[in-house]
Amino acid sequence: MENKFEVVGIRRQPVREHMRRHGRGRSGDAQGGCTGALCVLTLIVLGCLLCDLLASRDPAYLDLHNCSVPPGREFLFGTDTMGRDIFSMIWHGGRISLFIGITATAISTVVGIMFGAVSGYAPGWIDGVMMRLTEIVLSMPSLPVVILIQAILGKANVVSISFVLGITGWMSIAKVVRSEVRQSRECEYVIASRCMGGGFFHVLWKHLTPNFISSIMFMVVMNIRSAMVAESTLSFMGIGLPVEVITWGSMLSLSEDAMLTNAWWIILVPGAFLVVTLLCFTGLGNYLRSSANRGQSNL
């Protein structure tokens, strides 16, 4: 029997084809954003690494005859209230800020992987105790804990700040690693490796790490961003690195003097570099997360 009614104006499209087209569009946009973020981040990192070639002035030199000079031909980014060249401070300070972020992330990643792997590999009661400990630490406000540990260690420096930020940022990675290890520890290749005499570290490195490395890459990249934000926050509050140690955070700690003298460039330039760098890490991390999600959905 011929249909008397027909809905017009709607073009039917197979669900799989619709998802494939829209999935490719989102994937292309994410890949394009990741490429742009990676290019900008590469330029910033190279500038920080080659700061001795880019910036000929001493970033710590106090030129009292040129205090709060606005950006111009002689001083590209101007000078701060103490006469220091902001262009040189940006690149030298960025190197220390990136070092703190990467070092803290390396520490938190190693601690998180080891703690999560041991918890996932251990018997049930040990795993329960370790996870309850992780949840207790994760529930604590991070900033007061960082301040407390740094106060115990003494005067802040680059190494101590990196260490403190590293040992307070491993919990999320540990929970993901623990979950992945518990899913993979009963696989045949893991059991075969253990039966052939493979130790814990051998099994972890050869068989378990490839299963969870893609899941934690997003968290690793975002931990770099979080460490840089934490260092900048501590320096801005006056409880982080001393003023003589030049970082983007310590440069922002001079914002009060900058506002009193209307020297807007003292805040704008380091703030812009910090925000752009953090946005680049965020874009890269989001792309890694979407790639991991696509990989899991295709399984």
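This is a predicted model: local features need pLDDT of at least 70, side-chain atom pairs count only at pLDDT 80 or more; totals for chains, interfaces and linings use all residues.
1. Sorting the lining of the largest pocket by residue type gives 17 nonpolar, 10 polar and no charged (Ala, Val, Leu, Ile, Met, Phe, Trp, Tyr, Cys and Pro count as nonpolar, Asp, Glu, Lys and Arg as charged, the others, Gly among them, as polar).

2. Residues are numbered from 1 along each chain as its sequence is written, and side-chain values use heavy atoms, with hydrogens and water left out.

3. Back to that pocket: α9 (200-237) gives the largest share of the lining, eight residues. Other helices supplying at least two residues each include α3 (86-121) and α7 (171-184). Helices here are DSSP runs (H or I, at least four residues), numbered from the N terminus.

4. On to the aromatics, where the count is seven pairs (ring centres of Phe, Tyr and Trp, the last by its six-membered ring, within 6.5 Å; planes under 30 degrees apart are stacked, over 60 edge-to-face, the rest tilted). Trp91 and Phe273 are edge-to-face, because their planes sit at 85 degrees, with centres 5.4 Å apart. Trp91 belongs to α3 and Phe273 to α12 (residues 265-297), so this pair ties together parts 182 residues apart in sequence. Both Trp91 and Phe273 are buried (under 20% relative accessible area, 1.4 Å probe, protein chains only).

5. Phe273 also pairs with Trp248: centres 6.2 Å apart and planes at 45 degrees, so tilted. One aromatic cluster takes in Phe77, Phe87, Trp91, Trp248 and Phe273.

Terms used. Buried means under 20% relative accessible area, exposed over 50%, partly exposed in between (1.4 Å probe, protein chains only).
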